[in-house]
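Here is a short tour of one structure, written to be read with the model open beside it. Please take a look at the sequence and fold, and then follow along.

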Amino acid sequence: MAKVDEESPLLEGSEPKAARSFWARGSTKLALGAVAFVAAVAVVAVVATPSAHASSDAQAMDAQADLGFKFFPFPHPVFGGGPSPSPSPSPAPMPAPVHHSPPPPSPPPPSPPPPSLASTQVKIDITASLAPAAVAAPAVATAAVARLDPGEDRHHAIKGQTSMMQLAEWEFHDLQDVRLDMTCNSPGSSSPSNEGVNHVSDHSTAKFLDFNFQQNGGTTIICTFGYPHTLQNYKLQVANDEKARDPYGWTVSVMLNGSWKVVSTVDAPGEGDEGVPNGRDTWTRAFQVNY
């Protein structure tokens, strides 16, 4: 029996190898074409979708504008779309806290100034020993007048022979030891026209003579400075004659704050350098003022 070749076209129910190859190539091309077609359709869909969405968004915005709404487009779930949202504004920086320091404590009130010792008046009470009731009491003082109350006429105390008092000069010095100018008066005194109380402060050897010394129980002289001074000391100059008329005791006061203040009391100082000088037109030593 003859062998039948499987490649033989005459074999029933079988295809020649060339035919199978043809169909295989055709199927492959067909599949590739289908794939290309599907891809083209997808590309068309991708290109068309954004414009469709854009058209739809524009229609929605028009519709909502007619209704008074503001359209906020939402991004497409796949392709996105719509305007990017504006970035939120950054919050304003908080101002730095201001620290208020407490005010400094008020300074304590200044201490009141010490009472002024400057005076514009001085007074001398020259008192007679034979009239003790007329001896000036310690004057309470405020600030400016000095008063000389000569206590005893020296010879009146020693010999009891005179009724007058005389004095050539009386001067005060400030804290710088400067002699102070002043004008003087003597209430209740009686003097010759050329021997008035003005000679007590005129820087000369002319004298002041008081006839009423014994009658009044003493002689008071009040002098005033041009402006207030704080006093350091004072001196007296005896007159040119009659030693019996020289003052032999006195009280000096200054006016402070409206009242008299006694700052020196001299009682029977004796004669010579430490008391009343024996020489004529001679100065006593300086007597300190004690406030």
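## Ground rules

Helices (H or I, at least four residues) and strands (E, at least two) are DSSP runs, numbered from the N terminus. The model is predicted, with local features needing pLDDT of at least 70 and side-chain atom pairs counting only at pLDDT 80 or more, while totals for chains, interfaces and linings use all residues. Residues are numbered from 1 along each chain as its sequence is written, and side-chain values use heavy atoms, with hydrogens and water left out.

## A three-stranded sheet

Let us begin with the open sheet, where three strands follow the order S4-S8-S11 with antiparallel pairing. Two strands count as paired if DSSP finds at least two bridges between them. Strand S4 (169–174) and strand S11 (287–288) are at the edges, each having a single partner strand, so one side of each lacks a neighbour in the sheet.

S4 and strand S8 (residues 231–237) run antiparallel and are joined by six bridges. Within this pairing, His173 is found opposite Asn233 in S8.

## The largest nonpolar core

A nonpolar core is a set of buried Ala, Val, Leu, Ile, Met, Phe, Trp, Tyr and Cys residues joined through side-chain atoms within 4.5 Å. Buried means under 20% relative accessible area, exposed over 50%, and partly exposed in between (1.4 Å probe, protein chains only). The largest such core holds 31 residues, and those with the most contacts inside it are Val122, Trp170, Phe172, Ile221, Tyr234 and Trp250.

Among the elements that give two or more residues to this core are strand S1 (119–127), S4, strand S7 (218–229), S8 and strand S10 (259–267). Strand S9 contributes the most, with four residues.

## Aromatic pairs

A pair of aromatic rings is described by the distance of the centres and the angle of the planes. Here, rings of Phe, Tyr and Trp (its six-membered ring) pair if their centres lie within 6.5 Å; planes under 30 degrees apart count as stacked, over 60 as edge-to-face and the rest as tilted. The count by this rule is five aromatic pairs. Phe172 and Tyr234 make a tilted pair, because their ring centres are 5.4 Å apart and their planes are at 40°. This pair links distant parts of the chain, with Phe172 in strand S4 and Tyr234 in strand S8, 62 residues apart. Phe172 is buried at 0% relative accessibility, and Tyr234 is buried with a relative accessible area of 0%.

Tyr234 also pairs with Phe287: the ring centres are 5.6 Å apart and the planes are at 25°, so this pair is stacked. Distant parts of the chain are linked here too, as Tyr234 is in strand S8 and Phe287 in strand S11, 53 residues apart. Phe287 is buried, with a relative accessible area of 4%. One aromatic cluster is formed by Trp170, Phe172, Phe225, Tyr234, Trp250 and Phe287.

## Two aspartates with positive phi

Which loop holds Asp281? Asp281 lies in the loop between S10 and S11. Its phi is near 50°, a positive value in a residue other than glycine, and Asp281 is partly exposed, with a relative accessible area of 31%.

Asp177, in the loop between S4 and S5, has a positive phi of about 60° although it is not a glycine. Asp177 is partly exposed, with a relative accessible area of 44%.
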